[in-house]
Amino acid sequence: MANRSADARYLPTHEWGRLEKDGTVTVGITDFAVDQLNDLTFVDFRKEKGDKIEKGESFGEIESVKAVSDMYCPVSGTVLAVNSEVSANDFEALKKDAFGKGWLMKIKPSNTKELDAAKSLADYEKQLASEAH
């Protein structure tokens, strides 16, 4: 069984965003993306604390022995934190807890409604089922 979060919203490119109780948005990549990339080698963040980011903008790249993939932000706002544990090339958190310790960025959103445009868990899982065929 996949370890996905029902309270997160999903981009077609396999990033997720979750509105937290404090009004911030936690951003990460899904367990599906981690599985597809397989042998992770490097995470490169293009944004750091204090930077502005736009919805749909690439905030970095994740690299595996198979491919390099851009990572896209589901909301506009200001970067509050970047998960340096992940960028220090320790991929265990991403592999084992993509929706917990494997988070990538925390954002102070300029408009939390932007998350509403992203997919629900059910819609994201339908997308995965169609991609599998």
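Analyst: Let's start with isoleucine 53, which faces glycine 77 of strand β8. Keep in mind as we go that this is a predicted model. The two residues belong to a pairing in which strand β5 (residues 52-53) and strand β8 (residues 77-82) run antiparallel, joined by two bridges. β8 also pairs with strand β9 (residues 105-109), again in the antiparallel sense, through five bridges. Within that pairing, threonine 78 has lysine 108 of β9 as its bridge partner.

There is also an open sheet of three strands, with the order β4-β6-β7 and antiparallel pairing. β4 (40-45) and β7 (68-72) each have a single partner strand and stand at the edges, so one side of each has no neighbour in the sheet. From one strand to the next, the twist averages 20 degrees. Five bridges hold the antiparallel pairing of β4 with strand β6 (residues 58-64), and one place to look is phenylalanine 45, whose bridge partner in β6 is glycine 60.

Now for the aromatic rings. The count of aromatic pairs comes to three. In one of them, the ring centres of tyrosine 10 and tyrosine 124 are 4.7 Å apart and the planes are at 10 degrees; stacked pairs have planes under 30 degrees apart, so this pair is stacked. The pair links distant parts of the chain, since tyrosine 10 lies in strand β1 (residues 9-10) and tyrosine 124 in helix α4 (residues 121-131), 114 residues apart. Tyrosine 10 and tyrosine 124 are both buried, and together with Trp16 and Phe99 they form one aromatic cluster. Another ring to find is that of tryptophan 103: the charged end of lysine 106 sits over it, 4.7 Å from its centre.

Tyrosine 124 leads us on to its helix. The buried residues of α4 are Leu121, Tyr124, Gln127 and Leu128. Around the axis they cover an arc of only 120 degrees, so they lie on the same side of α4. What do the buried residues of α4 pack against? Their partners are β1 and α1 (31-37).

Conventions: Residues numbered from 1 in each chain as written. Predicted model: local features only at pLDDT ≥ 70, side-chain atom pairs only at ≥ 80, totals over all residues. Heavy atoms only, no water. Pairing = 2+ DSSP bridges. Helix = DSSP H or I, 4+ residues; strand = E, 2+ residues; numbered from the N terminus. Phe/Tyr/Trp six-rings, centres within 6.5 Å; stacked < 30°, edge-to-face > 60°. Buried < 20%, exposed > 50% of the residue type's maximum accessible area, 1.4 Å probe, protein only. Lys NZ or Arg CZ within 6 Å of the ring centre and 35° of its normal. Axes fitted to C-alpha atoms, helices over the stretch in contact; angles between N-to-C directions. Arc of directions from axis to C-beta. Contact = heavy atoms within 4.5 Å.
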